[in-house]
Amino acid sequence: MKHPKTERTLVIIKPDGVQRGLIGEIIRRYEQSGLKLVGLKMVVPTKDFIEKHYLINPEWRRITGEKTIESYRKNGKKPPSDDPIKVTEVILNNLKKYLSSGPVVAMVWQGMHAVGIVRKITGGTEPLTSDVGTIRGDLTIDSYEVSDVDGRAVRNLIHASGTPEEAEAEIPLWFSEKELLNYRLISEAILYDVNLDGILE
Ligand code: GDP
Ligand code: MG
């Protein structure tokens, strides 16, 4: 087994995060957790690239469609279709427009439980219901209801990989091996070293 401190995750600050002037605040929140930034760039993705990104997980269409249909039903509303694939088609088209509309900031964060820690700091997908204290909960205000009425993607500031497997598939799409840096942070000693002798003089 690889040591968990080598776990990596992909984070994208979406165009609304860049336009709102939140790049610094968002990076601060991940950085202060103790995770290490190992890759960083600003790009304007194409629609084709965004489609590739979301379809990297062959189950994404079905899972996202089922999740969306369930959330309509839970709120006593009729989903736009009973077919998860059709529901996801609309979401994917909206995501392609949204994420190719301007610069985004792509990052790779590394460290123990990187995927889970980043998901926790990021918060749930829908800003209206994501927890207070999270990026999506604190820094923006959108909902599925309003984004659906307006026929656009929900503006939730961030993409963050959902699982370590998803991260390892997504990272090579956004970064070449050369763009990911191998280095040590002094602060890693206090997070990971088994033996803390050497602090007292
Ligand atoms: P994430 O990992 O938290 O970003 O969420 P998912 O991977 O499940 O979904 C990816 C993107 O699809 C989200 O960021 C939303 O833009 C969109 N999405 C997911 N679920 C729903 C939903 O129930 N309704 C709508 N309108 N969009 C959704
Ligand atoms: Mg996801």
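Start by selecting proline 172, which counts as exposed because its relative accessibility is 54% (exposed means over 50% relative accessible area, with a 1.4 Å probe and protein chains only). Proline 172 is part of helix H9, residues 164-174 (helices are DSSP runs of H or I, at least four residues, numbered from the N terminus).

A word on the model: it is predicted, local features need pLDDT of at least 70, side-chain atom pairs count only at pLDDT 80 or more, and totals for chains, interfaces and linings use all residues. Residues are numbered from 1 along each chain as written, chains are lettered from A and ligands numbered from 1 in written order, and side-chain values use heavy atoms, without hydrogens and water.

Now select ligand 1 and the 16 residues around it (each has a heavy atom within 4 Å). Lys67, Arg119, Thr125, Asp148 and Asn156 come nearest.

Next, show the polar side-chain atoms that lie by oxygen atoms of ligand 1 (polar contacts are pairs of N or O atoms within 3.5 Å):

- Lysine 14, at 3.2 Å from a ligand 1 oxygen
- Threonine 68, at 3.1 Å from a ligand 1 oxygen
- Arginine 136, also with a 3.1 Å distance to a ligand 1 oxygen

Finally, colour by element: helices H4 (60-74), H5 (84-99) and H8 (144-150) each give two or more residues to the shell around ligand 1. H4 gives the most, with 5 residues.

Key:
A polar contact is a pair of N or O atoms within 3.5 Å; within protein, one must be able to donate a hydrogen and the other to accept it, and residues adjacent in sequence count only if both atoms are side-chain atoms. Buried means under 20% relative accessible area, exposed over 50%, partly exposed in between (1.4 Å probe, protein chains only).
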